[in-house]
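Morning, everyone. Please have a look at it while I talk.

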Amino acid sequence: MALDNSDIKRIAHLARIEISDAEADKTLTKLSGILTLIEQMQAVDTTGITPMSHSQDVVQRLRDDVVTAANQRETFQANSPAVENGLYLVPKVIE
């Protein structure tokens, strides 16, 4: 994909970034290099290669999901000024 300065200026405009002509030239060089690298990477034949989410074959150790604390809802709601059916009642703030 070939870019030119008008593309860089348009991208800068869409991003609401003020950019000078010198900065546009530098950005054009950098973006062109990135796009060239992407094209090179897409040209590599990856058939038969299994996609992976991590470079190493690691497994995260997980603990059992067990309840460790007792339900204390009544204790916590005892401090609330208004509770109904186990829910905290708050003043209406949006009409």
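I'll go through the core, then one end of the chain, then a charged pair.

First, a reminder: this is a predicted model.

Let's start inside. Which residues make up the largest nonpolar core? There are six: Leu 3, Ile 8, Ala 12, Ile 19, Ala 24 and Leu 28. Two elements give two or more residues each to this core, namely α1 (5-14) and α2 (21-42). In soluble globular proteins, nonpolar side chains tend to be buried together.

Now pick out Ile 8. Skip its neighbours within four places in sequence. Ile 8 then contacts Leu 3, Ile 19, Ala 24, Thr 27, Leu 28 and Leu 31.

Next, Leu 3. Where does Leu 3 lie? Find it in the segment before α1. Again, leave out residues up to four places away in sequence. Leu 3 touches Ile 8, Leu 28, Leu 31 and Leu 35. In sequence, Leu 3 and Leu 35 are 32 residues apart. In space, their C-alpha atoms are 9.3 Å apart.

On to charge. How many salt bridges does the count come to? One. The side chains of Lys 9 and Asp 21 form it, at 3.0 Å from N to O. This pair links distant parts of the chain: Lys 9 sits in helix α1 and Asp 21 in helix α2, twelve residues apart. Side chains of opposite charge can pair when their charged atoms come close.

Are these two buried or exposed? Lys 9 is partly exposed, with a relative accessible area of 31%. Asp 21 is exposed, at 54%.

That's my tour. Thank you.

Notes: Residues are numbered from 1 along each chain as its sequence is written. This is a predicted model: local features need pLDDT of at least 70, side-chain atom pairs count only at pLDDT 80 or more; totals for chains, interfaces and linings use all residues. Side-chain values use heavy atoms; hydrogens and water are left out. A nonpolar core is a set of buried Ala, Val, Leu, Ile, Met, Phe, Trp, Tyr and Cys residues joined through side-chain atoms within 4.5 Å. Buried means under 20% relative accessible area, exposed over 50%, partly exposed in between (1.4 Å probe, protein chains only). Helices (H or I, at least four residues) and strands (E, at least two) are DSSP runs, numbered from the N terminus. Contact means heavy atoms within 4.5 Å. A salt bridge is a side-chain nitrogen of Lys or Arg within 4 Å of a carboxyl oxygen of Asp or Glu.
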